[in-house]
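Have the viewer open as you read.

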Amino acid sequence: MYWKRTLLFILSAIMLIAVTGCKINIDIDVKATPEPGFSLIKASDITDDFNSFKLDWKTGGLLYSLYSGDAKNNIVQIRRSESGKVRIEQYAKMGFKDESAFSADVEDGVLIIKDARASSIYDETQHPSFFIMYLPEKLFRNVDIELANCTFSGLDLKAGDISFKLGSGSAVLKGEFKNELVDIATGALVIENSAEESENVKLYMASGSFTSTFKKADIIDAKILTGDLNMKGDAKDVKFDLAAGAIDYKGSAGNMKMDVASGKVTSVGSVSGALNVGLISGAVSITSSTMIVSADATVTAGNLQLSLPRNNSGFKVYVDRAAGTFSSGFATTKTDNEYLFGDGGVKITLKLISGSIKISPV
């Protein structure tokens, strides 16, 4: 399993993040060209038909990524082919062995490209490489990209399903995708999805950062051990599971559910369906320009801020409070543990063990 092979790397990255913070900036020149002194060491023109492809570019394996790697020395690019043909090129300086160059084969309609240095640790991985894959404008059925210790950029890519695993390094991907499956051990990834409608955006992140932009999606499902998630787009259902780190979501959601063990979540836009929040510690702020259908929240410790439309028709809040504070910026009427505003049409159930919950007009 990929995660078993990278366990030590994940633990080391988490220890580093605990000291330095998890925000990772991406600065990738998507139009970069091979440096002076680089020469073409291998090129392949792919003439066999394929409707899916897999790019496996884990330079140097685990130990090199941990102790010796410089992702900026290993450039990987996917570009639009002006000729309409599929061509793969790899550039390097003198001393790069022929047997360390990429391999490319078409098997059962799938083009598989591998970095031959994946099993090496200290020798060939020390030599910088510049890899370019030229693809025509085409809708691929499946795209599987698995990277470690490199700097990646992919432009104008179209796929039904895309699976992206990032072991380390940084990556930028732009295109149109129906389904996104993202797995980040550490590093920084940006995906800009320009498809008019998507189905699923699913994320598992051990550490690092992920920036995701899309137009419309059915389901957003993000599980984060630690790290930063920045997401912008509209979705029918949004689910966040945050152990530690930060989430910044901008967009509209039908239903929204989040479980936060620690960290910070900020959601600005709208929630038009059901809202469910579980907060153990940290801070959650949700601002909705439309009125929710219902809300259910449990705060063990930390702070929950819920901002609702100022001119909504009304809601009723039931508060089960052991300790902590509840407050409302609306002109509510209190009876026992219930707070009534307007016609009381929307039911809000709150359980407060410690910390604070505040409902404010916006």
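Ser-288 sits in strand S18, which covers residues 283-288; strands here are DSSP runs of E, at least two residues, numbered from the N terminus. This is a predicted model, where local features need pLDDT of at least 70, side-chain atom pairs count only at pLDDT 80 or more, and totals for chains, interfaces and linings use all residues. Residues are numbered from 1 along each chain as its sequence is written, and side-chain values use heavy atoms, leaving out hydrogens and water.

Ser-288 counts as buried because its relative accessibility is 0% (buried is under 20% relative accessible area, exposed over 50%, partly exposed in between, with a 1.4 Å probe and protein chains only). A polar atom of the Ser-288 side chain lies 2.8 Å from the backbone nitrogen of Val-271. Beyond neighbours within four places in sequence, Ser-288 has contacts (heavy atoms within 4.5 Å) that include Gly-269, Ser-307 and Val-362.

Now the cores, meaning sets of buried Ala, Val, Leu, Ile, Met, Phe, Trp, Tyr and Cys residues joined through side-chain atoms within 4.5 Å. The largest nonpolar core has 81 residues, with Phe-53, Leu-147, Phe-152, Phe-240 and Ile-348 making the most contacts inside it. Strand S9 (residues 150-166) gives the most to this core, seven residues. Another core, of six residues, lies apart and has Phe-38 and Ile-132 among them.

Last, two non-glycine residues with positive phi:

| Residue | Phi | Place | Relative accessible area |

Notes: Helices (H or I, at least four residues) and strands (E, at least two) are DSSP runs, numbered from the N terminus. A polar contact is a pair of N or O atoms within 3.5 Å; within protein, one must be able to donate a hydrogen and the other to accept it, and residues adjacent in sequence count only if both atoms are side-chain atoms.
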